[in-house]
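Subject: A structure for you to explore

Hello! Here is the structure I promised to pass on to you. Have a look around, and then read on for what turned up in it.

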Amino acid sequence: MFDNPIYNYSIASVLRSLGCREQKKNMFLSPLRNESVASLHVDPEKNLWYDHGAGVGGTNVQLVQLVKRCSEKEAIKYIAHLDPTLECSVPQRAEESKIEVRKAGVIQDYLLKKYLGDRKIPVSIATKYCKEVLTFNKEQGKEYRLIGFENNAGGYAMKAVSGFKSTNRSGITTINTDGERNINPSSESVAIFEGFFDFMSWLVFQNTEKPSCDVVVLNSVNNLEKAIDYVNRHSSILCFTDRDEAGRRCLDRISGLFKGKQIMDMSNLYKKYKDLNGMLVASRGFRVNSKIHR
């Protein structure tokens with residue numbers, strides 16, 4: 001189940017609070033439209049829902065967002081009010097990011113290009129998926145140039161030459177088989193990566209600039225819940241998680257969230273290394289021409 005108790009609150013109870021009637025076990029009349037035959041299925045074990053008529057699904061919070069047409073924060077508060085014991089689980093307002101993005105453009109900085117070379121990422125791939133981001137650290141009063149990878153929330157996951165990681169707005173990045181950011185699936189399979197350097201390393205190993213199946217880059221293992229709806233719209237999942245404690249927990253979480261789907265642990269390919277980029281850096285330019293069918 002989910003780490004935040006809010007997301008574990010029964011979807012069936014949420015549906016009843018919204019005035020939805022259960023026609024038969026785990027099948028409800030959808031609150032998203034008028035219907036006489038129930039099409040919304042609830043999986044009580046995963047605490048997820050799927051509306052077969054609308055072709056959408058997700059968590060209890062996402063359901064409230066759709067029905068109430070409200071923000072994630074407002075949906076969480078709605079659920080918390082249904083059970084007073086959940087009030088303490090409502091996240092407080094996040095602090096304003098200390099990182100301000102002032103400009104984003106084509107990667108031109110010599111040190112950033114050298115850093116990409118050290119990580120064995122071709123500039124052609126990096127410029128397709130990343131930007132050179134000029135940032136201002138409000139706390140330090142200094143400007144920095146970083147490699148930025150845009151997410152679906154309109155923010156950037158950023159990495160400095162020193163290896164320092166940052167973000168100005170947290171979110172996942174979904175990419176289709178045309179190599180474009182898109183929230184609509186374009187293949188039956190989806191590959192999950194923790195970070196964008198591992199995603200780009202995968203492209204290098206496949207000797208291509210476009211992925212052979214849909215991709216979700218979490219940009220942080222803490223963003224996994226944000227990927228549930230998108231991943232659920234695929235039949236098979238390829239997991240390129242890091243070979244450390246956080247990566248193993250993420251893989252276990254994926255296995256628990258998406259039971260019934262074909263889940264492949266791809267980390268055995270780089271079992272001698274922490275992650276996929278670690279294997280690429282140690283590979284001395286070796287490339288693998290393996291493709292994953294769509």
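Let's begin with a pair of residues you can find by eye: E22 has F28 in β2 as its bridge partner. Please keep in mind throughout that this is a predicted model.

That pair belongs to β1 and strand β2 (residues 27-28), which are joined in the antiparallel sense by two bridges. As background, the strands of a sheet pair through backbone hydrogen bonds, and they can do so in a parallel or an antiparallel way. β1 and β2 are part of an open sheet of five strands, with antiparallel pairing and the order β1-β2-β3-β4-β5. At the edges of this sheet are β1 (22-24) and β5 (56-58), each of which pairs on one side only.

Now move along to strand β12 (residues 189-193). Is this strand enclosed or open? Five of its five residues are buried, so β12 is largely enclosed by the rest of the structure. Both of its faces are covered: S189, A191 and F193 are buried on one side, and V190 and I192 are buried on the other.

With strand β14 (residues 236-240), β12 pairs in the parallel sense over five bridges, and here S189 stands opposite S236. β12 also runs parallel to strand β13 (residues 214-217), to which four bridges join it. In that pairing, V190 is opposite D214. To get from β12 to β13, the chain passes through helix α7 (residues 196-206), and this β-α-β crossover is right-handed.

Next, find strand β9 (residues 156-159), which is also covered on both faces: Y156 and M158 are buried on one side, and A157 and K159 on the other. Strand β8 (residues 142-150) runs antiparallel to β9 and is joined to it by four bridges, with E150 and Y156 as bridge partners. The hairpin of β8 and β9 has five residues between the strands, and in it G154 takes a positive phi near 85 degrees.

β9 has an antiparallel pairing with strand β10 (residues 165-167) as well, over three bridges. There, M158 stands opposite S166. The hairpin of β9 and β10 has five residues between its strands, and G163 takes a positive phi near 95 degrees in it.

Is T135 buried or exposed? T135 counts as buried because its relative accessibility is 2%, and buried means under 20%. Apart from its neighbours within four places in sequence, T135 is in contact with several residues, including M158, Y144, L146 and I99.

Finally, the cysteines. How many disulfides does a search of the whole structure find? The count is zero. C250 is in no disulfide either, as the nearest cysteine sulfur, that of C239, lies 7.5 Å away. C70 is buried, with a relative accessible area of 18%, and C250 is buried with 4%.

Enjoy exploring, and do write back with your questions!

Notes: Residues are numbered from 1 along each chain as its sequence is written. This is a predicted model: local features need pLDDT of at least 70, side-chain atom pairs count only at pLDDT 80 or more; totals for chains, interfaces and linings use all residues. Side-chain values use heavy atoms; hydrogens and water are left out. A disulfide is a pair of cysteine sulfur atoms within 2.5 Å. Buried means under 20% relative accessible area, exposed over 50%, partly exposed in between (1.4 Å probe, protein chains only). Two strands pair if DSSP finds at least two bridges between them. A crossover is right-handed if, with the strands pointing away from the viewer, the path from the first strand over the helix to the second runs clockwise. Contact means heavy atoms within 4.5 Å.
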